[in-house]
Amino acid sequence: MSRAIVLRVAREEWRYWRRSRLALVTLGVGLLIILIAIATTAVRVQTEHGARHDMQALAEARFLEQPARHPHRMVHYGHYVFREPPPLAVIDPGVDAVTGTVMFLEGHRQNSATFSPFFATALAGEFANLTPALVYQLLAPLLLIVVGFSSLAREREAGTDRLLYATSLSPLQLWGGKALALTGLCGLLMVPLLLAGTYAVATGESGGATAALLGGYALYLLIWALIVVGVSAWSSRSAAALLGLLVAWIVLGVLAPGVVASLAERQAPTQGKLRTDLEVARTLRDEGDGHNASDPAFASLRAGLLSQYNVDKIEDLPVNFRGVVAEFAEARLTDILNRFAEQRLELERRQSDAATSLSLLSPRLAMSAYSLRMANTDLAQLHQFLRSAEDNRFAFVQGLNKLHATDMSYVDDINRSANAESERRTRLNAENWRLLESFDAPLPDAAQRMDRAWPALLMMLLWAAVGGGLGCYGALRSAARVNA
Amino acid sequence: MVAVLALAAYAVATGMQRVAQQRDAVSHLVTLTQQDRTYANESHLEDPGSAAYYGFHLTFEPLSNLAFAALGRRDDLPWQHRIRALALEGQIYESDTGHPELAIAGRLDYAFLVAVLLPLFIILSLFDLEASERRHARRELLIVTSPTGRRLFGLRAAVRGAFLFAAVTAPLLVGAWLSRTDLGSLATAIAVTAFSVAVWVLLARLVTRTGADAATSAMLLVGIWLLTVIVIPQAGKLVIERSVAVPQGAEILLTQREAVNDAWDLPKAATMEPFVAQHPEWRDHVSMSKPFEWKWYYAFQQVGDQIAEPLALDLQSGREARDRRMGWLALLSPSLMVERVLTRSAGTDMRQHLRYLSCVRDFHGRLRRFFYPYLFETQAFGSDSLEQLPLYAPCGSG
């Protein structure tokens, strides 16, 4: 019985919207913007994905088709890896827009990812990218505000709530009906996102992760619906409700991200890559140069090898000492590079965590954190790319160094700059370049992503409770006043 | 009003803090680079090739004295590099920018406040100005009794606008005084703030004087805000990017690498001919007696840049053209206009970024020209040669 009444209230509210030009126009424009954002983002992400995928294939083909040459030349010829946007980037491209897409892999160095998708775009305002994520996080709440701000305040302003309470309707039923009406609108708004999600699944995304992402957006819209009805319940006039809701939207939606970004930056400062590179350089000054086998830092390596093979001169070793040194030095260097790189990534992760814990301040921040993590377009995904790239780099460089050690003689190797015949003998067959592994950054499954995303989800649930409580309490309070 | 003042103060304070942080970080990097190069120079005194190979230089774009108000593209475009005398195209696109999640969250700096938030505050303070009096049936009475007559509401709106303007600019003035901002930049920033306030007060008046009720006015104004702050810049960006194509970054990188690496397997003349075409002064010094000589190595580094040059120039002119067209688009969007003017006078826009890149190119050219006489052995390389090593100095704006 009570459910039927709530539904009845909701239906009346929907009828009211259909008669309101403001509500219909806003809804029409809102849906149009949503569809445009989804279509343009899907096209852009697919184009980017295709281009980077093709470039990756090209880079691998180029490496394999290199002619016979000295393996150390291939170490410096290097390889390119491309960061492909994950399928759910059609909903939330996340950090993809501001991080490099291509990275050069070579011996002795860890480079940065260069050429972000926006590197050549002109400044297009603060909202640099009209994505479904932005539209749903920022504009959809505004739409709910416009349609729903007067839901309860209007009844009070006109005194119709007294009449309703005089019948068998309870304040909570009235609140429930209005909230249900707005929830129905949330459902309507979710339809385009559902299409985008289906598209992502069709292009290889996990169904679980997509469902969790869409569920997050549904919850987020519900939070705003509850806030809208809640503020409306507390307001005695529609205009006051609108003012209150617009202030809430500005503070929670537009203002909070910038404030939290600067707070997080202060709370957990990070260190740039140049700084790390220079600190690596300082550490390396004692480590020896892998190009120069007579460097004193390699003396013990040399003594060890000589005694292992029981010979007196490095020329008599069954392996090429230069190649051994290259392999040894690369491994040691990579240890140092990785140690510093991990420190830098750890600082970035902490800054991210600081920002996420501050996300409690606004449902938009919580949603944005959740969305990035479930769509796999967050910092962790970028770090995953960097680590996969490093693994790929280390594997092919060490493979080449091994060839350098085993497939040529030391005498030829040291004479190749001066003697053309030695130079010819140190060129290895192109077949060897097949050691390059094809690049693939793994896509974490739904559970792994939820592992990073659950705090944000919890924050959203808290906000939903706050919004619901606000509305229930507001409705009861105003009804008590009416009865008094 | 108090909230706006507090926000402006916060925006200016964090802006100044970020500027100070970035300046500290750069000066620390300068010191570290200096130490690194001193060590490299001392250990590679024997030959100019190694000295050039191991000697890194820090290039950077310094912050202007208005940068605290508009950090602009410094969050997503690289503004510092470690450069050495090898092929530049492989180095100049490296990027060391901040935390990407924070970069997409956006920053609350003065530019954001004036371009994005201030219009919303103006809408909030004006949408109900006339409608509330009408609701209380006081409007006609007020008009009749006021000495200003029908202009009353216009004046009230102007006064509120003036207060908001004062609340925003007061912290800016303090920040400018502390940062020793030059008067020209400061005047531009203040003028553009006044422009933003005036446009939005005018828009608010145009909408509210039609007699619409408060809710309709508010939604119309927020609709205009959405249109000018998000929709127009986005739509314009899409159109501009379609009409002005730029080469893919990866294409430049691969072209340059193939050129540099192919040289190892090509006859030496294939490198030296295009090299002397650009540097005829070394025509008589390119013959080689050994399979490897440094002069050939640096010659093919330069030839690699020469081969990638058309693409690099395309990229630069494409970026310039896109930025110019966006400037025209800004005529349709006050908020975009505000951001462009502020980032331009703060030196944090695309133009200044491109200027920085050409400054790096110039410096790299000087570095090369410094080493060529030693590499081509027209000048003896000695222990004191590196004292004349060119050092990077920022080019400034203009």
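**Figure 1. Confidence of the model and of chain B.** The predicted model has an ipTM of 0.87 and a pTM of 0.90. In chain B the mean pLDDT is 89, and 99% of the residues reach 70 or more. Among the elements of chain B, the highest mean pLDDT, 95, belongs to helix 8 (residues 183-208). The lowest, 79, belongs to helix 5 (residues 129-135) of chain B.

**Figure 2. The contact between chain A and chain B.** Chain B contributes 74 residues to the contact, and chain A contributes 75 residues. On the side of chain B that touches chain A, the elements giving two or more residues are helix 1 (2-43), strand 2 (80-83), helix 3 (100-105), helix 4 (110-126), helix 9 (214-243), helix 10 (249-265), helix 12 (294-329) and helix 13 (334-346) of chain B. Helix 9 of chain B gives the most to this side, with 14 residues.

**Figure 3. Helix 8 of chain A.** Helix 8 of chain A covers residues 207-234. Its 28 residues should span 40 Å at 1.5 Å a residue, and the C-alpha atoms at its ends are 40 Å apart, which agrees. Of these 28 residues, 21 are buried, so helix 8 of chain A is largely enclosed by the rest of the structure.

**Figure 4. Packing of helix 11 against helix 12 in chain A.** Helix 11 (residues 299-309) and helix 12 (residues 321-358) of chain A have axes 11 Å apart and pack at an angle of about 130°. From helix 11 of chain A, the residues A:Leu301, A:Arg302 and A:Leu305 take part in the contact. Their partners in helix 12 of chain A are A:Phe321, A:Val324, A:Val325 and A:Phe328.

**Figure 5. A:Asn310 in the loop between helix 11 and helix 12 of chain A.** A:Asn310 is not a glycine, yet it has a positive phi of about 55°. A:Asn310 counts as exposed because it has 7 C-beta neighbours inside 10 Å, and the cut-off for an exposed residue is 12 or fewer.

**Figure 6. Helix 9 and helix 13 of chain A.** The axes of helix 9 (residues 238-267) and helix 13 (residues 363-374) of chain A come within 8 Å and cross at roughly 65°. Helix 9 and helix 13 of chain A are therefore roughly perpendicular to each other. On the side of helix 9 of chain A, the contact involves A:Leu252, A:Gly253, A:Ala256, A:Pro257 and A:Val260. These meet A:Pro363, A:Arg364 and A:Leu365 in helix 13 of chain A.

**Figure 7. Helix 13 of chain A and the residue that follows.** The 12 residues of helix 13 of chain A should span 16 Å at 1.5 Å a residue, which agrees with the 16 Å between its end C-alpha atoms. Helix 13 of chain A is mostly covered, with 12 of its 12 residues buried. The buried residues include A:Met367, A:Tyr370, A:Leu372 and A:Met374. A:Arg364 and A:Arg373 are also among the buried residues of helix 13 of chain A. Just after this helix, A:Asn376 takes a positive phi of about 60°.

Figure 8. B:Ala170 lies in helix 7 (residues 152-178) of chain B. B:Ala170 counts as partly exposed because it has 14 C-beta neighbours inside 10 Å. B:Leu5 is 165 residues away from B:Ala170 in sequence, while their C-alpha atoms are 7.9 Å apart in space. B:Arg180 is found in the loop between helix 7 and helix 8 of chain B. The phi of B:Arg180, a residue other than glycine, is positive and near 55°. With 7 other C-beta atoms within 10 Å, B:Arg180 is exposed.

**Figure 9. Packing of helix 12 against helix 14 in chain B.** Helix 12 and helix 14 (residues 350-375) of chain B pack with their axes 12 Å apart, at an angle of about 165°. The crossing of helix 12 and helix 14 of chain B is left-handed. Contact residues in helix 12 of chain B include B:Trp294, B:Tyr298, B:Arg319 and B:Asp323. Among those in helix 14 of chain B are B:Met350, B:Leu354, B:Phe371 and B:Leu375.

Conventions. Residues numbered from 1 in each chain as written. Chains lettered and ligands numbered in written order. Predicted model: local features only at pLDDT ≥ 70, side-chain atom pairs only at ≥ 80, totals over all residues. Helix = DSSP H or I, 4+ residues; strand = E, 2+ residues; numbered from the N terminus. Expected span 1.5 Å × (residues − 1). Buried ≥ 20, exposed ≤ 12 C-beta atoms within 10 Å, placed from the backbone. pLDDT = per-residue confidence, 0-100. Axes fitted to C-alpha atoms, helices over the stretch in contact; angles between N-to-C directions. Contact = placed C-beta atoms within 7 Å. Parallel < 35°, antiparallel > 145°, perpendicular 65-115°, else oblique. Left-handed = near helix turned anticlockwise from the far one by under 90°.
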